[in-house]
Amino acid sequence: MRALDRATAIFWFFFATVVLIQSVRMGVGTLMNPGMGFMACGASGILVLLSLVLLIQSSVRSRKTEEPVHPFTGILYGRVIGFVIALLAYIFLLPSLGYLVATFLLLAFLLIIVGKRKWWLLIIFPALSSVVSYYVFAKLFKCPFPAGILGF
């Protein structure tokens, strides 16, 4: 398992370093006036640090023999495929249904995939999440969303 951790840490270190360099080239700006690369620079900087921590941990970890574990053990492929299909459907349905309806349906479907079967949870959580996120981004931050069938 140490070899897999080390390989993963090295991959993410190089990936985050490339993103960090490109985000600095785009312009980071300041905290009060962030540039286009501000968020990417912060996220990739954190990823560089976390990958270094993983690399150090995988190198320092005790040398006792570990039983090899297949990296994809325990993955529920049906849920992963359902999640990908749900996101693709969301992308295509968002312009026609609108943000509120498409987001509600996406969140409800994802809760069904996770295994939440209580009807009130399948209605209240997606509805509340959709309305609150719409209010924050559309009304407070003035981000335009597709109106869709509801007209707002």
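Visitor: At what angle do α3 and α4 pack, and how far apart are their axes?

Guide: Axes are lines fitted to C-alpha atoms, for helices over the stretch in contact, and angles run from 0 to 180 degrees between N-to-C directions. In this predicted model, α3 and α4 pack at about 170 degrees with their axes 8 Å apart. That makes α3 roughly antiparallel to α4, given that angles under 35 degrees count as roughly parallel, over 145 as roughly antiparallel, 65 to 115 as roughly perpendicular and the rest as oblique. On the α3 side the meeting residues include F83, L87, Y90 and L94, and on the α4 side they include A102, L106, F109 and I113.

Visitor: What should I keep in mind about the model and its numbering?

Guide: Residues are numbered from 1 along each chain as its sequence is written, and because the model is predicted, local features need pLDDT of at least 70 and side-chain atom pairs count only at pLDDT 80 or more, while totals for chains, interfaces and linings use all residues. Side-chain values use heavy atoms, with hydrogens and water left out.

Visitor: How many helices and strands are there?

Guide: Helices (H or I, at least four residues) and strands (E, at least two) are DSSP runs numbered from the N terminus. The protein has 5 helices and 0 strands, so its elements run α-α-α-α-α from the N terminus on.

Visitor: What span does α4 have, and which of its residues are buried?

Guide: The expected span of a helix is 1.5 Å times one less than its number of residues. Helix α4, residues 99–114, has 16 residues and reaches 22 Å from its first C-alpha to its last, close to the 22 Å expected. Buried means under 20% relative accessible area, exposed over 50% and partly exposed in between, with a 1.4 Å probe and protein chains only. By that rule the buried residues of α4 include L100, V101, L106, L110 and I113, and the buried residues of this helix pack against α3 (77–97) and α5 (119–140). Just after α4, G115 takes a positive phi of about 115 degrees.

Visitor: How are α4 and α5 oriented to each other?

Guide: The helices α4 and α5 pack at about 140 degrees, with their axes 8 Å apart, and are therefore oblique to each other. Their crossing is right-handed; a crossing is left-handed if the near helix is turned anticlockwise from the far one by less than a right angle, and right-handed if clockwise. Among the residues that meet are F104, L107 and L111 in α4, and L122, F125 and P126 in α5.

Visitor: Is S44 buried or exposed, and what is it in contact with?

Guide: Contact means heavy atoms within 4.5 Å. S44 lies in helix α2, residues 38–60, and counts as buried because its relative accessibility is 4%. Leaving aside neighbours within four places in sequence, S44 is in contact with A16, V19, L20 and S23. I56, which also lies in α2, is exposed at a relative accessible area of 55%.

Visitor: How is a pair of aromatic rings described?

Guide: It is described by the distance of the centres and the angle of the planes. Rings of Phe, Tyr and Trp (its six-membered ring) pair if their centres lie within 6.5 Å; planes under 30 degrees apart count as stacked, over 60 as edge-to-face and the rest as tilted. A search of the whole structure finds 8 aromatic pairs. The ring centres of F13 and F14 are 5.5 Å apart and their planes lie at 70 degrees, so this pair is edge-to-face.
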